[in-house]
Amino acid sequence: MQCSCKHYGLKADKQARLKCPFHNDKTPSLQLYYKTQTAFCFSTNCNTHGKAIDVIDFILYYEKCDKHEAIKKAKNIIQPGTTTTQTTVPKQTNEKAMFLERMFTYFKNAVHNSKPAREYIESRNLDHKQIEIGYNGGQFHHGQRKDESLINDCLKYGLLLDLGLKSRTGETAYKPFGKWCLCFALRNQNHEITGLYFRSTLANKDQRHFYLRDRSGLYPSYPKPETQKLILTESIIDATSLLQQEEIKSKYEILSLYGTNGLTEEHQTAIRKLKHLTEIIFFLNGDEPGNKAVAKYAPMLKGEYPNLKITSAAVPKNEDVNSLLQVHSPEILTHLIETRKEVDFILSNGGEPPQADIFLSNENQMKEKSTITEEPEPTRSKAPITGLDTNNPYNLKYKGNEAAYQIKGFRTDQPDSLKTTVQTIAEASDITLKLDLYEYKQVESSCKLIAGKLGLRKDAIEADLMQLTSLLEQ
């Protein structure tokens, strides 16, 4: 496809898009897919009639010739001046992969048009400009996008569900799969999209994860054949969080499991292909299911690969990769990987990996090794911190007069601010907000929001946060 575009003087942008040459196109609507050597125009006015085209079709439409002439032209583009009559039949494209590629491109573009999607992505400290994230608002089959072939494909592959209902206009009503969800692409070893994963942006703890039916493919893709060190995460968002860190991505390959019971046969097949692999690193959640998963899968992998080093990162209790990224600087992820422990150590301790205390001791060791020498401060008695539970440095707890609060982390490197993530809990409800406790207007508006959400008194919440601020300062 690159050769054809170059031959006709067409240049795609960084997103592999260009103004479609097959109709009057004011903005780039033709998407190029270099892996499958295909293209798709998203305009309803296009002469390609809304279907994916391969290299031969591209030439056919551009030259306005028949298929035989297009094949000859393609051969001449690849091998100028050739006279042989032998032709190469283009590889049959994967219809499902092409369809999912088309839909994932639509979902990626939808992020730019949805403020709630962008706000949710930012709340997870993810960057949709750096990594591939889509958003499904459930509108892809409405309005100008409504097309019989599109609806049939969506029904075929599971993006639409026919519930046998009729709309008010008498038309068939369809239920979109993965509505109001972030979307991530699962890829096969040819880097084709063969599955989609949807992560709900709604606060429903029972229904958060959705996979398109007949799930296949891995996230972000099959590891490179030359992989030596492979990190396994518990979730796709955790893997995405690591992919944003250039220092980690440059040293390790990253592969997401599908939950604590999600080391599938496809994962194992991909691992078996890695002939240069020397180490597998578990970076799972710091909770009981994560610990059990390490205890389950580590011996299994060790049994199949006795010469392979199996290690695990010491994730603080009740934290995961993404939650750490939300409230700490990215260096904490690098540090946890660098201070990982051998799996034999974990198993000898009853399957309980080392957690926050190991991290803190290593952090202190790093400070001791610093080349900067400072005069020791004189010993002084510190004011007692009353009411603030500091047993878990990554999840401080405070019981106020109006509600309970959990502080997920705060920065101490900026003396003119006190930035933190505060979870306010009242009975069975809670709300989590990022705050700078030194910004009065922000605190005041947040107290109003918390009070309205949880049915509490605004002035009482303000009093609690004032006391909490004092405790955090200590």
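This is a predicted model: local features need pLDDT of at least 70, side-chain atom pairs count only at pLDDT 80 or more; totals for chains, interfaces and linings use all residues.

I started with Asp214, which is exposed at a relative accessible area of 62% (exposed means over 50%, buried under 20%, partly exposed in between, with a 1.4 Å probe and protein chains only). Asp214 isn't a glycine, yet its phi is positive, about 55°. I found Asp214 in the loop between S10 and S11 (strands are DSSP runs of E, at least two residues; helices are runs of H or I, at least four; both are numbered from the N terminus).

Residues are numbered from 1 along each chain as its sequence is written, and side-chain values use heavy atoms, with hydrogens and water left out.

I then checked Pro220, which sits in the loop between strand S10 (209-211) and strand S11 (229-233). A cis peptide bond links Tyr219 to Pro220, with omega about 0°.

Next up was Trp180, another non-glycine with a positive phi, about 60°. Trp180 is in the loop between strand S7 (172-176) and strand S8 (181-187), and I noted it as partly exposed, at 41% relative accessible area.

Last, I looked inside. Which residues have the most contacts inside the largest nonpolar core? They are Ile231, Phe282, Phe283 and Leu333, in a core of 58 residues (a nonpolar core is a set of buried Ala, Val, Leu, Ile, Met, Phe, Trp, Tyr and Cys residues joined through side-chain atoms within 4.5 Å). I also noted a second, separate core of 23 residues, with Ile407 and Leu454 among them.
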